[in-house]
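This briefing goes through the structure shown below, topic by topic.

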Amino acid sequence: VIETSELIRNLAANPRPRGPALSAGLLGLAGLALAYGAVAILTLRGLRPDFAEAWTWVAGKAGLSLALGALGLWATLRAGRPGSSLVAATGAWVGLVVLSLAAAASGAMSAPSSERLQVMTGGDFPHCTVIIPALAAPAGAAFFLWLRRAAPTRLWLAGAAAGGLAGALAAAAYALACPVDTVAFVALWYPLSIAICVALGAVAGSAFLRW
Amino acid sequence: LVGTPSASLQQLATVGLAGDGRAYAAFLEAIAVRLRAYFRRRLFVRADEGEDLVQEVLLAIHEKRATFDARQPVTAWVFGIARYKLADHFRRVRRIGVQIPVNDADELFAEGDVEIHANEADLMRLLEQLPDKQRRVIRMVKIEDRSVREAAQEASLSESDVKVSIHRGLKTLSKLVKRDSL
């Protein structure tokens with residue numbers, strides 16, 4: 001049995017934390033995740049052929065995704081620090097999703113009723129609800145590794161934040177290939193696809209983030 | 001004698017984690033004192049478990065020291081880690097039904113504000129110099145180890161009155177000890 005005072009003496013021999021700052025590490029990982037997502041989507045699906053005419057739509061989709069991603073980054077960073085509240089980050093994220101869904105609803109309502117289903121679904125199953133979570137999985141795993149080096153104390157919440165971050169970056173990359181250009185589609189299915197990643201992250205978090 | 005208010009705990013953590021081993025050791029010592037008192041007061045651990053838990057939390061603080069942000073209150077940071085480790089401990093020993101208060105950082109750091117190390121005879125002598133009310137509640141809570149509620153009932157005071165009296169009394173005592181040792 002080691003005395004507490006002796007333990008403290010031993011610990012105090014290395015006061016300075018080792019390795020790069022945690023926040024810089026997460027920022028670097030997020031950059032890598034975005035680059036990986038873009039490369040993966042361009043390899044698997046290719047850039048949309050009409051990119052030159054439709055680039056403003058791509059920018060809008062990526063912008064919405066990156067805004068949610070920035071909030072996800074903030075939340076993940078705070079989730080890794082004991083004693084940091086996630087209320088503001090969660091509130092901002094939910095607020096943005098609600099705004100987006102409201103925009104989708106208004107977009108759908110402004111279309112004639114015969115075309116309403118068409119503008120909401122793009123005339124097909126919304127593939128992004130599958131592609132975005134699949135694309136996000138490796139990045140999510142990387143963010144989980146970062147969280148394990150940090151100190152999450154509410155595991156499912158930390159997992160949800162990391163899932164939301166990975167999902168948002170995957171959505172931003174998917175915008176390069178996504179062919180559907182209606183507000184009713186984008187403002188509905190992008191946040192929902194990211195929300196699926198949040199839910200999967202929450203479940204995985206309580207299983208894999210223990211330390 | 002150690003009289004470390006929370007403000008300087010923040011400093012000790014900040015300076016210590018920037019590479020000052022002595023400040024870091026003082027920080028860990030102060031945390032150990034508070035954890036020990038907290039675990040005892042909260043009564044959710046047996047005496048022999050207590051010191052193990054103190055060490056476990058100190059180790060966790062050290063392992064995760066990179067997550068400290070000097071702009072955030074160190075008290076909330078320490079309590080977050082302590083609470084997580086405590087919950088982890090109870091899950092491992094499969095003790096069910098132990099409730100750890102969600103936001104007990106104040107409790108962890110409040111009464112530990114003033115800690116006095118002096119020998120008992122000196123303390124008893126100095127205690128005589130305190131006003132009657134302060135002396136009585138300090139004797140009941142700090143020496144006879146009774147709860148604040150019991151002390152409040154016996155002295156016909158409110159619980160917050162007891163806490164304030166203890167706090168003031170300990171501050172005075174701490175000054176007296178300091179003057180005495182000069």
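How many aromatic pairs does a search of the whole structure find over all chains? The model is predicted, and the search finds 5 such pairs. Two of the pairs are described here, one formed by A:Tyr174 and A:Tyr190 and one by B:Tyr24 and B:Phe27.

**Aromatic pair in chain A**

- A:Tyr174 and A:Tyr190 form a tilted pair, with 6.4 Å from centre to centre and 45 degrees between the planes.
- A:Tyr174 belongs to helix α7 (residues 155-174) of chain A and A:Tyr190 to helix α8 (residues 183-208) of chain A, so the pair ties together parts that lie 16 residues apart in sequence.
- A:Tyr174 is buried, because its relative accessible area of 3% falls under the 20% cut-off.
- A:Tyr190 is buried as well, with a relative accessible area of 0%.

**Aromatic pair in chain B**

- The ring centres of B:Tyr24 and B:Phe27 are 6.3 Å apart and the planes meet at 20 degrees, so this pair counts as stacked; the cut-off for stacking is under 30 degrees.
- Both residues sit in helix α2 (residues 21-42) of chain B, where a spacing of 3 residues separates B:Tyr24 from B:Phe27 by about one helical turn.
- B:Tyr24 and B:Phe27 are both buried.

**Contact between chain A and chain B**

- Chain B contributes 34 residues to the contact and chain A contributes 30 residues.
- About 2,500 Å² is buried between the two chains, and 61% of that area is on carbon and sulfur atoms.
- There are 0 salt bridges between chain B and chain A, while 10 residue pairs are in polar contact, counting pairs with both residues at pLDDT 80 or more.
- On the side of chain B that touches chain A, the elements giving two or more residues are α1 (6-17), α2, α3 (47-63) and α4 (74-92) of chain B.
- Of these, α4(B) gives the most to that side, with 8 residues.
- B:Lys64 lies over the face of A:Trp211, at 4.9 Å from the ring centre.

**Make-up of chain A**

- The C-alpha trace of chain A spans about 75 × 30 × 25 Å along its principal axes.
- Of the 211 residues in chain A, 48% are buried.
- Among contacts in chain A with a separation of 6 or more, 85% are between residues 24 or more positions apart.

Note on methods:
Residues numbered from 1 in each chain as written. Chains lettered and ligands numbered in written order. Predicted model: local features only at pLDDT ≥ 70, side-chain atom pairs only at ≥ 80, totals over all residues. Heavy atoms only, no water. Phe/Tyr/Trp six-rings, centres within 6.5 Å; stacked < 30°, edge-to-face > 60°. Helix = DSSP H or I, 4+ residues; strand = E, 2+ residues; numbered from the N terminus. Buried < 20%, exposed > 50% of the residue type's maximum accessible area, 1.4 Å probe, protein only. Lys NZ or Arg CZ within 6 Å of the ring centre and 35° of its normal. Contact = heavy atoms within 4.5 Å. Buried area = accessible area lost by both parts, 1.4 Å probe. Salt bridge = Lys/Arg side-chain N within 4 Å of Asp/Glu carboxyl O. Polar contact = N/O pair within 3.5 Å; in protein donor to acceptor, adjacent residues only side chain to side chain.
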